[in-house]
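Please keep the sequence and the structure in view while reading.

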Amino acid sequence: MMKCTEATQLLSEKMDRPLSNKEKLNLGIHTAMCPACRQFGKHMLSLREISQQYVKQNDAAEKG
């Protein structure tokens, strides 16, 4: 079974690279059973969205 440290590492790496099918399966099983890692994954997605919006706003401000 995957440990939380491995799950959070994969959740972070998922933002930068595609996961293998085995990684996806193991991560999916772990996050289905672990509310803390599931929440961590949601936070990672939120941070990514906020960062992308920040970059878009800065780009627009520099052009404007």
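Glu13 forms a salt bridge with Arg17, and the closest N and O atoms of this pair are 2.5 Å apart; the term salt bridge stands for a side-chain nitrogen of Lys or Arg within 4 Å of a carboxyl oxygen of Asp or Glu. The structure is a predicted model, in which local features need pLDDT of at least 70 and side-chain atom pairs count only at pLDDT 80 or more, while totals for chains, interfaces and linings use all residues. Residues are numbered from 1 along each chain as its sequence is written, and side-chain values use heavy atoms, with hydrogens and water left out.

Arg17 also meets the side chain of Glu23 in a salt bridge, at 2.9 Å from N to O. Side chains of opposite charge can pair when their charged atoms come close.

How accessible are Glu13 and Arg17? Glu13 has a relative accessible area of 24% and is partly exposed, and Arg17, at 31% relative accessibility, also counts as partly exposed. In these terms, buried means under 20% relative accessible area, exposed means over 50%, and partly exposed lies in between, with a 1.4 Å probe and protein chains only.

The helices are the next topic. Helices here are DSSP runs (H or I) of at least four residues, numbered from the N terminus, and they include α1 (4-13), α2 (residues 21-33) and α3 (residues 35-63). The table gives the angle and the axis distance for each pair, where axes are lines fitted to C-alpha atoms over the stretch in contact, and angles run from 0 to 180 degrees between N-to-C directions.

| Helix pair | Angle | Axis distance |
|---|---|---|
| α1 and α3 | about 20° | 10 Å |
| α2 and α3 | roughly 110° | within 5 Å |
| α1 and α2 | about 120° | 10 Å |

Angles under 35 degrees count as roughly parallel, over 145 as roughly antiparallel, 65 to 115 as roughly perpendicular and the rest as oblique. Therefore α1 and α3 are roughly parallel to each other, whereas α2 and α3 are roughly perpendicular. With α1 and α2 packing at an angle of about 120°, α1 is oblique to α2.

Within helix α3 lies Arg38, which counts as partly exposed at 34% relative accessibility. Arg38 and Leu11 are 27 residues apart in sequence, and their C-alpha atoms are 9.3 Å apart in space.

Finally, which residues make the nonpolar surface patch? Met1, Leu25, Ile29 and Met33 make this patch of about 490 Å². A patch is made of residues with over 30% relative accessible area and no salt bridge, with like charges joined within 9 Å and nonpolar side chains (Val, Leu, Ile, Met, Phe, Trp, Tyr) within 5 Å; accessible areas come from the Shrake-Rupley method with a 1.4 Å probe, and for residues only the protein chains shown count as cover. Met1 lies in the segment before α1 and is exposed, with a relative accessible area of 82%.

How values were computed:
Helix = DSSP H or I, 4+ residues; strand = E, 2+ residues; numbered from the N terminus.
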